[in-house]
Amino acid sequence: MAELRTDRLILRRWRASDLEPWATMNADPEVREHLGDLLTREQSDASAARFQAELDRRGYGFWAVEEQATGGFIGFVGLDPVEADMPFTGVEIGWRLARPAWGRGYATEAARTVLAHGFDALELPEILAVTTATNVRSQAVMRRIGMTRNPADDFDDPTAPEGPLRPSVLYRIARSTRT
């Protein structure tokens, strides 16, 4: 599993010391606003273990993100195959950061590095991104990293309950078109 670095961040394996701040993020209604229910500590710990297992098995996945200046865990960024029940296939980029890390350009910085890894090291032909139609912050990151949206690709997420989390947007970037 590759460790990835940016000017300010380290994308790395998950550590036991990440579990407490990860659980805090998953219990934060603002962090979970576009994701659904808050997670219990057990659910949060299980997700971190699953992310690390996927990194170990595939060599890519959702890396833990550490701020270089402080050594503090601030969230995750990474790549994951699209779930089978979605109306499209491929590999998706995703991120989730703690609120104190919002608005500092970290998601964009880390996502650009993950895109480069996906295209250069993994030789993916295309990378997708999905979010709720109301998640304008994530959509802004998608545009900043060069992804585009065709409204004809928008869909209702079959894994989300009826309500505001179901209408979703799909962004794409092809290896051949990235700059």
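Predicted model: local features only at pLDDT ≥ 70, side-chain atom pairs only at ≥ 80, totals over all residues.
1. Now step back into α4 itself, which spans residues 136-144. Its buried residues are Ser138, Gln139, Ala140, Val141 and Met142. What do these buried residues pack against? Their partners are the helix α3 (106-121) and the strands β5 (91-97), β6 (126-132), β7 (148-149) and β9 (167-174).

2. Is threonine 108 buried or exposed? Its relative accessible area is 7%, and because buried means under 20%, threonine 108 counts as buried. Setting aside neighbours within four places in sequence, threonine 108 is in contact with Val141, Arg144 and Ile145. One of these, Val141, is also among the buried residues of α4.

3. Next, have a look at strand β3, residues 62-67. How many of its six residues are buried? The count is six of six, so the strand is described as mostly covered. Phe62, Ala64 and Glu66 point one way, while Trp63, Val65 and Glu67 point the other way.

4. Strand β3 has a neighbour in β2, residues 9-12. The two strands run antiparallel and are joined by four bridges. Within this pairing, leucine 11 stands opposite valine 65 of β3.

5. Strand β3 also pairs with β4, residues 73-81, again running antiparallel, here through five bridges. Tryptophan 63 has valine 77 of β4 as its bridge partner. Together β3 and β4 form a hairpin with five residues between them. Look for glycine 71 in that turn, where phi is positive at about 75°.

6. Finally, turn to helices α1 (residues 19-26) and α2 (residues 41-58), whose axes come within 9 Å and cross at roughly 120°. The two helices are therefore oblique to each other, and their crossing is right-handed. On the α1 side, the contact is made by Leu19, Glu20, Trp22, Ala23 and Asn26. On the α2 side, Arg41, Ser44, Asp45, Ser47, Ala48 and Phe51 take part. Sorted by type, the residues of this contact are five nonpolar, three polar and three charged.

Definitions and conventions:
Residues numbered from 1 in each chain as written. Heavy atoms only, no water. Axes fitted to C-alpha atoms, helices over the stretch in contact; angles between N-to-C directions. Parallel < 35°, antiparallel > 145°, perpendicular 65-115°, else oblique. Left-handed = near helix turned anticlockwise from the far one by under 90°. Contact = heavy atoms within 4.5 Å. Nonpolar A, V, L, I, M, F, W, Y, C, P; charged D, E, K, R; others polar. Buried < 20%, exposed > 50% of the residue type's maximum accessible area, 1.4 Å probe, protein only. Pairing = 2+ DSSP bridges.
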